[in-house]
There are 4 protein chains.
Amino acid sequence: MNALHLKDLSASAQEAIAAARETVAGLHAELPRNDLVAWTAGNVSARVELADHEEVGPDGLSAVFVIKPSGVSYDELNASNMVVCTLDGVKIDDDTSIGLSPSSDTAAHAYVYRHMSHVGGVVHTHSSYATSWAARGESIPCVLTMMADEFGGDIPIGPFALIGDDSIGRGIVQTLQASRSKAVLMDRHGPFTIGADAKEAVKAAVLCEEVARTVHFARAYGNPERIAQHQIDALYARYQNVYGQKDNT
Amino acid sequence: MNALHLKDLSASAQEAIAAARETVAGLHAELPRNDLVAWTAGNVSARVELADHEEVGPDGLSAVFVIKPSGVSYDELNASNMVVCTLDGVKIDDDTSIGLSPSSDTAAHAYVYRHMSHVGGVVHTHSSYATSWAARGESIPCVLTMMADEFGGDIPIGPFALIGDDSIGRGIVQTLQASRSKAVLMDRHGPFTIGADAKEAVKAAVLCEEVARTVHFARAYGNPERIAQHQIDALYARYQNVYGQKDNT
Amino acid sequence: MNALHLKDLSASAQEAIAAARETVAGLHAELPRNDLVAWTAGNVSARVELADHEEVGPDGLSAVFVIKPSGVSYDELNASNMVVCTLDGVKIDDDTSIGLSPSSDTAAHAYVYRHMSHVGGVVHTHSSYATSWAARGESIPCVLTMMADEFGGDIPIGPFALIGDDSIGRGIVQTLQASRSKAVLMDRHGPFTIGADAKEAVKAAVLCEEVARTVHFARAYGNPERIAQHQIDALYARYQNVYGQKDNT
Amino acid sequence: MNALHLKDLSASAQEAIAAARETVAGLHAELPRNDLVAWTAGNVSARVELADHEEVGPDGLSAVFVIKPSGVSYDELNASNMVVCTLDGVKIDDDTSIGLSPSSDTAAHAYVYRHMSHVGGVVHTHSSYATSWAARGESIPCVLTMMADEFGGDIPIGPFALIGDDSIGRGIVQTLQASRSKAVLMDRHGPFTIGADAKEAVKAAVLCEEVARTVHFARAYGNPERIAQHQIDALYARYQNVYGQKDNT
């Protein structure tokens, strides 16, 4: 099999990928800044649709994704060392990330992109509070309005899965498809989050840790009451439609 | 109804509003700096009295307030994207915050300004420890001299209220009017604080989280004893009169 | 009574005081940097011996101390706004701190300097973990070699005392005179630390919070065993004599 | 005995030592940055093989190590004040670290280098969560995939040992030789970590605190299940071989 190379893609596809590498490199800075990662752990990826760029090359590529290189420290990340992969998780060579492998979590990201077409960004961390819920195999109950807004209910637990095949990806997808949540806590491993784009997935990772921490504290001296389902539904519906600058009147 | 525009106000009113936008933008930096907010959550507002500036225009405006735009990240906040609102929470257009909506918590801020005339600033956060008390629906007992100084007693719990009408604002006002505290913990939501100006409200938000954290820790291994009421009264009276640079001899 | 003024002191005394103001202003930066203070809470002071500078003026001043101004934020502190006081806690006027009062904790610092002649620096904070032990009125048991090194044993609790007279100062002195510790946890208030100079007192404040935190965590799942007294004694003796750059061979 | 001096070594040995001093000074910045140390506590060292540089001088030196000077603050560390020692922990004089003693933990580092020939770097901290497990004399159970990856199982407890002779070094070596872990929690003292080089030992110190914290949180509300031994083995084997940029295909 001939290795794919970035320069074999159309100019417009290359441009879209270059923009995504810039974005993904920049978003990685949010992970240490929000205390979500230690050392080189954690990664962000973004899907790039190629169909928009008339790209159906010899490999019939309709989309690729951009992800962190493995084992590189956060200080050293920039657009040029971000790795580009096919949706099968195979690296597409380029002239700047020579010798770098994609994140060891690449297979899980790839599985999510293949099976959840509305997902444009995926984030994985080992943030401490979220991971502590994962270590107990326990979902986070929806006892805060912020959880209802952002996650639409509880943050669910995914199965225990070893790295090395599609087990982790399958566990993420199955759990998230049965929930409104953008975050899943993989058993004894840590959180994965998704979004329409990479920035939304990073936001979900930040807020997942935030609510994991707050509910951890709350539970120390009693069992906070779950918000009633119809109230969760009302908060979630409103947040999807009104929050931010989508609906200015 | 014709939309109000900032340029319809008197020059002196516009100047006062410009100064407030500068102040409020700057104070937002204290929120992430003191670990009170995650992502774009949290907001600061400040009242601007217009009567002082001979402003009673076609709408009979006697005051307005300046507040954070919705969903904008803390790095991007500056005086020019702060949003100006009437005390009914309606945006007053201007030439620099075009397309930006005021914070989704604007109705709550507006309600406070309409019903508590001595309040010049309002702050809302989801700071973790304060919100964890809110998640249990539990007030923070006054077991620290710092609480007696700043809050004059316990920090009370407000009702559970959904966003979308005046419920949150009404809950804040009713709770604070029954207390000496500048902070209220809204049930399963988070803290709101008030002050004579926006800086005082920010200080109250910082110290609310500080005492929420310290009392959370203290309670892990026993029940700290509440300070006697007459001692709380003495500390509170002294702090109001002596602390800081108000009374130099 | 005529107010004292800095310019009435000898040139060499003024020089010593100027150096101390520089040092004390700089050391304040260690407080927020080590997460020991919220907002403007917390203060550092340093004694300046005047006898060395042939200073026994009309007031018979043999020493003064330099302390933080009240209610001023950490960003705004510099040598010129540090306040100089007599050992009775009365401000000595100068040309740069005009209009500023000394910290509201000045009387406690002054009492310590008057009654503990070997103390050259005093620090007060409300650091969260140390204050949480204070809130329970509980001393920190010596279960870490770092505590034996730095504090020579348990960190003791002082009495509950209201601000406004010598109660706090007296409680600090009586507690520390009965202990080897450089730190005392004032009941439901917070830690005060001392040192041969201000830097040592700041170090004690940093390490007091560190051990308060670590022992807080340790105790969550069992009762850590106190180090045997003869081992504490051996560690403490060694640390006083060998650590740092005092004894290079 | 004549004191050794750096300039007595071969030019190529001096060059290798100069490079190590640069590296070790730089790695110390990771300790405060990752919240592993308070004040001047904590230290990093790196072995330098001299045999590669044809160095077997009058003292038959085959290797030395570079370590932090005692009691110097993290801001003031740089290559020129790093101290060079023989594997017996005796300082080798040089022209830039004049008057500085090596870290008070030097004997422990030296013992490790003498008895574990594959170790190229050693780190010691008092990081709070790891030290809290040490205070209870309790090993950290392997309930996270990150622990299986990095430590190959539980993080073990070492004996209680006083500073001043080889007790600490012996305790570290005996415990680590009976384990796959790169970290040991010395009873009521704190963690020591090792690595093939100093950067790996720093990484182990960062991840040791990370898993100590996460498992501390997890245990608050239940007992997280240990990962099955064959799964730990699979994760550990994979991580040694695949992770990072060692194996690019």
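This is a predicted model: local features need pLDDT of at least 70, side-chain atom pairs count only at pLDDT 80 or more; totals for chains, interfaces and linings use all residues.
Let's begin where chain C meets chain B. On the chain C side, 29 residues are in contact, and they face 32 residues of chain B. Putting the two chains together buries about 2800 Å², with carbon and sulfur atoms giving 60% of that area. If you want to find your way around the chain C side, look for C:Trp39, C:Arg136 and C:Arg188: these residues lose the most area to chain B, and together they account for 28% of what the chain C side buries.

Next, turn to the charged and polar pairings. Two salt bridges are found across the interface of chain C and chain B. Helix α4 of chain C, residues 128-136, supplies six residues, the largest share of the side that touches chain B. Sorted by type, that side of chain C has 12 nonpolar residues, 13 polar ones and four charged ones.

Now move over to chain A and its helix α7, which runs through residues 198-218. This helix has 21 residues and spans 30 Å from its first C-alpha to its last, close to the 30 Å expected at 1.5 Å a residue. Is α7(A) mostly covered or mostly exposed? It is mostly covered, with 18 of its 21 residues buried. At the start of α7(A), look for A:Asp197: one of its side-chain oxygens reaches to within 3.3 Å of the backbone nitrogen of A:Lys199.

How values were computed. Residues are numbered from 1 along each chain as its sequence is written. Chains are lettered from A and ligands numbered from 1 in the order in which they are written. Side-chain values use heavy atoms; hydrogens and water are left out. Contact means heavy atoms within 4.5 Å. Buried area is the accessible area (1.4 Å probe) that two parts lose on being put together, summed over both. A salt bridge is a side-chain nitrogen of Lys or Arg within 4 Å of a carboxyl oxygen of Asp or Glu. Helices (H or I, at least four residues) and strands (E, at least two) are DSSP runs, numbered from the N terminus. Ala, Val, Leu, Ile, Met, Phe, Trp, Tyr, Cys and Pro count as nonpolar, Asp, Glu, Lys and Arg as charged, and the others, Gly among them, as polar. The expected span of a helix is 1.5 Å times one less than its number of residues. Buried means under 20% relative accessible area, exposed over 50%, partly exposed in between (1.4 Å probe, protein chains only). A polar contact is a pair of N or O atoms within 3.5 Å; within protein, one must be able to donate a hydrogen and the other to accept it, and residues adjacent in sequence count only if both atoms are side-chain atoms.
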